[in-house]
Amino acid sequence: MFSSDNIKLRSLEYEDLPTLVEWMNQKEIMEGILRVVPTSLYATRKWYDNLGQDKSKMVFAIEENYTGKFIGCIGLNDINLIDKKAELYIYIGEKSARRQGYSVLAIDIMVNYCFDYLNLNKIFLNVREDNMIAIKSYIKSGFIKEGLLFEERYISGKYINMVRMCRLKNRKE
């Protein structure tokens, strides 16, 4: 679909779902994407089957170009074509692919898709305040901090703050 020298974004396929479930049930991924309940292959297949009918969501697989390996997912929730905004999420599930710069590449591809093809004006996200690696990646991709959401989520027995970040189509930092 859309690519850089190192990765491409492609449609998430049914064959990807077992790997996706494995990643989503890893503690570090669950905490990063703010899931509190593990998922099953059955539930993930139901979610996947409904994706095509829900125009407010989209998800892409992130694949390494040189290996063809499925390494993560990037997507949008709450796509709002009236207000021209959507919520971005990303995770690199493949441990060997983490901290390789793939997140920044995938975010850049996705943001360009959002601005150039979907004609959105704003991409936003919420990230754990203590997830400095992700925050640095988002800043590198042109996101700015909008605010701090105090005790926004309850994860692993404690409340955590979330940082709200966004990138605007015509704002240049």
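Predicted model: local features only at pLDDT ≥ 70, side-chain atom pairs only at ≥ 80, totals over all residues.
Residues are numbered from 1 along each chain as its sequence is written, and side-chain values use heavy atoms, with hydrogens and water left out.

**Exercise 1.** Work out which residues line the second largest pocket, and which element gives the most.

*Step 1.* Start with the term: a pocket is an open set of points on a 1 Å grid over the protein atoms alone, with protein on both sides within 12 Å along at least five of seven lines, and lining residues have an atom within 4 Å of a point.

*Step 2.* List the lining: S11, L12, Y48, L51, G52, D54, K55, K57, M58, V59 and F60.

*Step 3.* Sort by element (helices are DSSP runs of H or I with at least four residues, strands are runs of E with at least two). Two or more residues come from each of α3 and β3 (58–64), and β3 gives the most, with three residues.

*Step 4.* Sort by class: six are nonpolar, two polar and three charged. Here Ala, Val, Leu, Ile, Met, Phe, Trp, Tyr, Cys and Pro count as nonpolar, Asp, Glu, Lys and Arg as charged, and the others, Gly among them, as polar.

**Exercise 2.** Describe how helix α1 packs on helix α3.

*Step 1.* Two packed helices are described by the angle between their axes and the distance between the axes. For α1 (residues 17–24) and α3 (residues 41–51), the angle is about 120 degrees and the axes are 10 Å apart. Axes are lines fitted to C-alpha atoms over the stretch in contact, and angles run from 0 to 180 degrees between N-to-C directions.

*Step 2.* Find the contact (heavy atoms within 4.5 Å). From α1 come L17, P18, L20 and V21, and from α3 come L41, T44, R45, W47 and Y48.

*Step 3.* Class those residues: seven nonpolar, one polar and one charged.

**Exercise 3.** Is D16 buried or exposed, and which residues does D16 contact?

*Step 1.* Check the accessibility, using a 1.4 Å probe on protein chains only: buried means under 20% relative accessible area, exposed over 50%, partly exposed in between. D16 has 7%, so D16 is buried.

*Step 2.* Leave aside neighbours within four places in sequence, and D16 is in contact with R10, S11, A61 and F70.

*Step 3.* Follow up R10, which is in strand β2. R10 is buried too, at 16%. R10 and V59 are 49 residues apart in sequence, and their C-alpha atoms are 8.9 Å apart.

**Exercise 4.** Look at the loop residues K84, N119 and G142: where does each one sit?

*Step 1.* K84 is in the loop between β4 (70–80) and β5 (85–92). Phi of K84 is positive, near 60 degrees, although K84 is not a glycine. At 32% relative accessible area, K84 is partly exposed.

*Step 2.* N119 is in the loop between α4 (102–116) and β6 (122–128). N119 has a positive phi of about 60 degrees and isn't a glycine. With 39% relative accessibility, N119 is partly exposed.

*Step 3.* G142 is in the loop between α5 (132–140) and β7 (144–155). Not counting residues up to four places away in sequence, G142 touches C166 and R167.

Note on methods. 1 Å grid on protein atoms, 1.4 Å probe; cavity = no way out; pocket = protein on both sides within 12 Å on 5 of 7 lines; lining within 4 Å.
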